[in-house]
Amino acid sequence: MSSAPTKTRIRWLLVLWLFVLSAVAYLDRVNLSVAAARLSEEFHISNVRLGFIFSAFLFGYAIFQTPAGWLADRFGPRRALTAGVLWWGVFSALTAAISHNIANVFLALLGIRFLLGVGEAVMYPASNQFVSRWIPSHERGTANGIIFAGVGIGAGISPPLISFIMLRYGWRSSFLLSAVIGLAVGSIWFLASRDTPEKHPAVSPDELVFIRTGIPHSTDTQAQGRLSWLTILSSLNVWILSFAYFCFGYVAAVFFNWFYLYLARVRGLDLKSSSLYATLPFLAMAVCSPLGGIFSDSLSKSLGSRLGRSAICVIGFALTAVFIIAGSAARDTRLASLVLAGGAGSLYLSQSAFWAVSADLGGKSAGGLSGFMNMANQFAGMISVSLTPWLAEKFGWNLGFRVAATVAALGAIAWLFVDPCVTLAPLRNLALTAPAKEPPQRGEPA
């Protein structure tokens, strides 16, 4: 008697490992912020120059989003992510190897952080390329929500972990630890993953059928080519989605870069309290990112993609604006911290929908399209990093938060015009689209 067919869950095991990679990416990103005081003291680097070093990472990360997405489309998420993680490990180790014998330590650190940003640029475009190949459309919100929960976890655990290592073994050890962790998780990804479910030996026939059925045109793999950049850049839908993610990036950067200092310097919390309350936004992000994905998938099943994806984003952005205004105006410091953390969480309710929609729109070009979208996000973060403290210094922190709330409201409005159901025409292989030749007549050369 034959055994009953089994349906494996390999796609979810790989999504969980992308969550781990996402957390490690933020560990490599945040470690310099924690070690900055010791490093700047040892090499006599001013705060202004330290700011340039931070910006070098963001600049490299931003401008290489689109090329990184193209590489993920061209070579597949398995190789692209493995190469990226190896790259992070090398440049984290090089940071630890910085020596007083180097003629210009500032320029060396500037170059290392820029190149680290270049390597990390592949993380989310490649993961989105994986989602487009492995995850049925109605599960993409949940999958992306889990992956981006790694952002909150990585950003939340990095300060205490790096501080613990740094205080006992020195700041260089914290970068070596980041390199070792990155190399380990990258190696496991290469061994465990495959570019498509058809190539993975552990995927059962039932799971393969389930994946194929849930991915639009998945059975027409030869005819469905990659999109041309002309097609991507001429799509109004892509530009509106990218503008909405620009708004997301501006607001998120306020929490990632200035929330801790705001609590310590403006609200007057001591070091212990500031460290505790500063983790609240990241915990909220980690919880709300998968929660938003689950809601988005559920609404999409019952109401359709247009309403399901857009509704959660409009609500998330609108709540973010309300929470930021209310939190910045609250007199009680601890209440303000909780309400502002709620703003970070509600913002991340929309995170998974961005990537689910870009995967649906991009298909085989999901890496490039989402890389373009994420580039807008990163440039917004660069603007926010500089503009927020300038507004706070000139007009007070309340104005800085009000501007962020206004940008969040613009993000909500933009999502009213995003249509996830739009189909972008692929750039098809000429051999498939060329008219067939008529068979030669008798006596004519073939």
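This is a predicted model: local features need pLDDT of at least 70, side-chain atom pairs count only at pLDDT 80 or more; totals for chains, interfaces and linings use all residues.
**A walk through an all-helix model**

Residues are numbered from 1 along each chain as its sequence is written, and side-chain values use heavy atoms, with hydrogens and water left out.

The protein has 19 helices and zero strands, where helices (H or I, at least four residues) and strands (E, at least two) are DSSP runs numbered from the N terminus. Its radius of gyration, taken over C-alpha atoms, is 23 Å, close to the 22 Å that the globule rule gives for 446 residues, so the protein is as compact as a globular protein of that length; the rule itself is 2.2 Å times the number of residues to the power 0.38. Along the principal axes, the C-alpha atoms fill a box of roughly 90 × 55 × 50 Å. If a contact means heavy atoms within 4.5 Å, then residues 24 or more positions apart account for 85% of the contacts with a separation of 6 or more. The accessible surface, computed by the Shrake-Rupley method with a 1.4 Å probe, comes to about 19,800 Å², and 67% of it belongs to carbon and sulfur atoms.

The aromatic side chains come next. A pair of aromatic rings is described by the distance of the centres and the angle of the planes. Here, rings of Phe, Tyr and Trp (its six-membered ring) pair if their centres lie within 6.5 Å, and planes under 30 degrees apart count as stacked, over 60 as edge-to-face and the rest as tilted. A search of the whole structure finds 25 aromatic pairs. In one of them, the rings of phenylalanine 59 and phenylalanine 114 have their centres 6.2 Å apart and their planes at 35°, so the pair is tilted. This pair links distant parts of the chain, with phenylalanine 59 in helix H2 (residues 47–63) and phenylalanine 114 in helix H5 (residues 105–120), 55 residues apart. Phenylalanine 59 is partly exposed at 39% relative accessible area, and phenylalanine 114 also counts as partly exposed, at 24%.

Tryptophan 87 and phenylalanine 91 form another tilted pair, with 5.3 Å from centre to centre and 35° between the planes. Both of these residues lie in helix H4 (residues 77–96), four residues apart, which is about one turn of the helix. Tryptophan 87 is partly exposed at 36% relative accessibility, whereas phenylalanine 91 is buried at 12%. Elsewhere, ring pairs link a cluster whose members include Tyr124, Phe148, Tyr245 and Trp415.

Two single residues complete the picture. Serine 358 lies in helix H16 (residues 351–362) and is buried, with 0% relative accessibility. Leaving aside residues up to four places away in sequence, serine 358 touches Asn128, Leu241, Ala366, Leu369, Ser370 and Met373. Histidine 44, by contrast, is exposed at 72% relative accessibility, and lies in the loop between helix H1 (10–43) and H2. Most residues other than glycine have a negative phi. Histidine 44, although it is not a glycine, has a positive phi of about 55°.

Note on methods:
Buried means under 20% relative accessible area, exposed over 50%, partly exposed in between (1.4 Å probe, protein chains only).
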